[in-house]
Amino acid sequence: MTKKSYFLQLLALLCLLSTIAFGCKKESSPAIGERFQSALILDFANESFSFQQAASSRFSGTEGSKSNFFDAPEFTRVSMIKGLGEESPNDETLRNALFINIVRKFDNVILRLDQVQAWLGTGAQAFMRDKRAEDGVGILWIDETGTIWSTGKHIAEFRENMSTFLPDEVLPSGDNYQQGSRFSITHSTPLSPKPGFDFSQEVRMEFNATLYNAAGDSLVIRNGIFETVFDFILQ
């Protein structure tokens with residue numbers, strides 16, 4: 001065998017091994033939309049939590065509301081909420097669970113796919129002090145005792161057992177509200193919609209924020225990372 005033919009055979013073997021290795025790697029990492037399970041980590045002053053969505057989970061769906069206003073000027077207000085936490089039977093009160101609610105007003109009553117995708121695109125979003133009056137993001141935490149903590153008022157009001165009617169005096173005013181807090185979508189990828197939905201978006205959210213309860217106590221979340229999928233029906 002000549003040196004040239006030996007080199008060519010060796011090169012072919014290396015290419016084959018590279019193809020096999022790449023194929024195995026691709027097979028072990030299925031498309032995110034096929035088997036994706038939400039994941040959440042967050043730190044408090046004295047505790048850290050890490051959650052992974054179970055195969056059959058009470059946190060698997062996206063909750064939301066959409067309100068159309070046809071009087072001039074026409075607009076639509078959309079609220080989407082996704083959560084994750086400790087799994088428990090559906091008849092038990094939630095414990096150690098976090099929910100993120102994202103709200104946006106659109107200046108049309110028939111929403112377009114590109115509008116919703118842009119809304120959940122990468123970038124920072126502001127915290128809303130009162131969901132009934134503002135756009136932005138709200139975070140809600142239910143601790144191990146069942147106490148509800150929230151970044152603002154009415155964050156999850158369309159879910160009966162999670163409504164947060166914080167007194168006005170509980171939340172700091174002006175520039176002191178959520179001073180030093182942040183919320184950003186750092187990764188956003190459109191997916192093939194789940195059956196029955198018009199839109200599915202995989203997002204990674206990073207945040208830190210101060211939450212309050214009805215008694216006026218505060219709780220600081222640090223190093224929050226939530227990877228999940230929002231699903232939505234446009235019509």
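N223 counts as partly exposed, at 49% relative accessibility. Buried means under 20% relative accessible area, exposed over 50%, and partly exposed in between, with a 1.4 Å probe and protein chains only. N223 sits in strand 11 (residues 218–232). Its phi is positive, about 55 degrees, although N223 is not a glycine.

This is a predicted model: local features need pLDDT of at least 70, side-chain atom pairs count only at pLDDT 80 or more, and totals for chains, interfaces and linings use all residues. Residues are numbered from 1 along each chain as its sequence is written, and side-chain values use heavy atoms, with hydrogens and water left out.

**Backbone angles**

Most residues other than glycine have a negative phi, and most peptide bonds are trans. Q178 also has a positive phi, near 50 degrees, and is not a glycine. Q178 lies in the loop between strand 8 (148–150) and strand 9 (182–191). Is Q178 buried or exposed? It is buried, because its relative accessible area is 7%. A cis peptide bond joins A72 and P73, with omega about -5 degrees. P73 belongs to the loop between strand 3 (63–69) and strand 4.

**Overall fold and confidence**

The protein chain has three helices and eleven strands. Helices (H or I, at least four residues) and strands (E, at least two) are DSSP runs, numbered from the N terminus. Along the sequence, the pattern reads α-α-β-β-β-β-β-α-β-β-β-β-β-β. Of the 235 residues in the protein chain, 41% are buried. Contact means heavy atoms within 4.5 Å. Among contacts with a separation of 6 or more, 63% link residues 24 or more positions apart.

pLDDT is the predictor's confidence in each residue, from 0 to 100. The protein chain averages 84, and 81% of the residues score at least 70. Where is confidence lowest in the protein chain? It is lowest in helix 1 (residues 3–28), at a mean of 38, and highest in strand 6 (residues 123–124), at 98. Over residues 2–34, pLDDT stays under 50, and the model has six contacts beyond four places in sequence for them. Where pLDDT is low, the predicted coordinates should not be read in detail.

| Residue | Strand | Relative accessible area |
|---|---|---|
| L40 | strand 1 (residues 39–43) | 1% |
| S79 | strand 4 (residues 75–85) | 2% |

L40 counts as buried because its relative accessibility is 1%. Leaving aside neighbours within four places in sequence, L40 is in contact with F49, S50, F51, L84, L98, F207, I225 and F226. L40 and E206 are 166 residues apart in sequence, yet 9.9 Å apart in space, C-alpha to C-alpha.

S79 makes a side-chain polar contact of 2.7 Å with N101. A polar contact is a pair of N or O atoms within 3.5 Å; within protein, one must be able to donate a hydrogen and the other to accept it, and residues adjacent in sequence count only if both atoms are side-chain atoms.

**A pocket**

The second largest pocket has a volume of about 150 Å³. On a 1 Å grid over the protein atoms alone, a pocket is an open set of points where a 1.4 Å probe fits, with protein on both sides within 12 Å along at least five of seven lines. Lining residues have an atom within 4 Å of a point. A volume is the space filled by probe spheres set on the points. Residues lining the second largest pocket include F44, W141, D143, W149 and L219.
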